[in-house]
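Q: I would like a close look at a single part of this structure, followed by its setting in the chain.

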Amino acid sequence: MSIAPEGVDPVKALFPIFKSHPELIYLDSNATSQKPEIVVEAIDRYYRSENANVHRGIYQLSENATRTFEESRIRIAKYINAETQEIIFTRGTTEAINLVANSAGQAFLRPGDEIVVTVAEHHSNIVPWQMAAERFGVTVKYIPLRADRRLDLDAARTLINSKTRIVSLAHVSNVLGVIHPIRDIIKMAKAVGALTMIDGAQGLPHLPVDVKELDCDFYAFSGHKVFGPTGIGVLYGRKTLLQAMPPYQGGGDMIEKVTLHGSTWNELPSKFEAGTPHIEGVIGLGAAIDFLKSMPMDSLLNHDRHLGTYLTHRLKEEFPRVQIMVEPGDDWVGTVTMAHPNIHPHDLAAVCDGENIAIRAGHHCAQPLMEILGVTATARVSPSLYNDESDIDAFLAALRKAEKLFLS
Ligand SMILES: Cc1ncc(COP(=O)(O)O)c(C=O)c1O
């Protein structure tokens, strides 16, 4: 880890992007996180001195690459308290959910069954289920939000019933930053014998995760949201279920034997990892998990929540016209999503960009939720460990500038 030069924030000093862009104020970590030096170094080292394909070569370089690759799997498994065989590498959360919707769909869904998700999901936890519904003749049901934009658990109790086969929901909403009561929902699903899938894309960056303690059947996350590389993600699946599911894709590495008449499947996790994997992605993700492990997760959550609360209070005091989509709380990771009655979120984001501030504007891949919020788009500020109050102050100054530009 690098030592911060005088005057440079010691946390920012861990992230090379802030050396290349010292003025950057990055408030879009729900979209993707910045990458610490140790992740960049791990990927650099692999390409400079370890590059070879894995699981294939009978030579030292390939055996070393395989060892480093598989060691990442072991570290990731330990981090979320899974067995090594239960860690399937995917391109990200999206592919992990598609894998479950297809393979678990084929194994466990029958016409007339119901899948329950929430209205606050990212498209990647809605569309694969809608596609599965068409393919397997099942119906998708949606848990609504209460007026305070927390999940309506009373409605969930009715929606999750003897027809339910799979319940899938986000650990944390990417738009609202609300931590969903997944333990309650998992209990409801178990009581009716339904499978549970947790979209942890925004969960793992903020919360410690123990899949055995949660007792979920599947948990997915993306490397790039937890300080790791893009194009790599993880599906945790309960071993007995993964064993009962057919492969998602066919190709190299996932087979036991291929003849011209048919094929048999490799053991877990290879059965679900067809083709040459994203080797440097896995190695970089292993380094990102080491980075996460070195962080006090409670303090990180408190840090992000503090910045979100600070922003919310100042918005209320200084910009009363701005509609803030959710109130801070203990069940919240500090994401602030807002709509200005007179300034389009894209315009606000453009003004911010002029001040070197990166925020997200748009529907955040959550169009059904936007409809419920009564808007087509919002502006979102999602803080992380490399932000502090001065970044929030800068955003508020940009918002003031946007008001001057658009309202005068
Ligand atoms: C809650 C949630 N689920 C799923 C995804 C999809 O992740 P990816 O694009 O990395 O597959 C995202 C990405 O923003 C997300 O925030």
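How are helices H11 and H14 oriented relative to each other?

A: The model is a predicted one, in which local features need pLDDT of at least 70 and side-chain atom pairs count only at pLDDT 80 or more, whereas totals for chains, interfaces and linings use all residues. Residues are numbered from 1 along each chain as its sequence is written.

H11 and H14 are roughly parallel to each other, a term for angles under 35 degrees. H11 covers residues 297–318 and H14 residues 389–407; they pack at an angle of about 30°, and their axes are 10 Å apart. Axes here are lines fitted to C-alpha atoms, for helices over the stretch in contact, with angles from 0 to 180 degrees between N-to-C directions. The crossing of H11 and H14 is right-handed, that is, the near helix is turned clockwise from the far one by less than a right angle.

From H11, the residues Leu307, Tyr310, Leu311, Arg314 and Glu318 meet Glu389, Ile392 and Leu396 of H14; contact requires C-beta atoms, placed from the backbone, within 7 Å. By class, this contact of H11 with H14 comprises five nonpolar, no polar and three charged residues, where Ala, Val, Leu, Ile, Met, Phe, Trp, Tyr, Cys and Pro count as nonpolar, Asp, Glu, Lys and Arg as charged, and the others, Gly among them, as polar.

As for the setting, the protein chain has 14 helices and 15 strands, which are DSSP runs (helices H or I, at least four residues; strands E, at least two) numbered from the N terminus. Its C-alpha atoms fill a box of roughly 75 × 55 × 35 Å, taken along the principal axes.

Conventions
Parallel < 35°, antiparallel > 145°, perpendicular 65-115°, else oblique. Contact = placed C-beta atoms within 7 Å.
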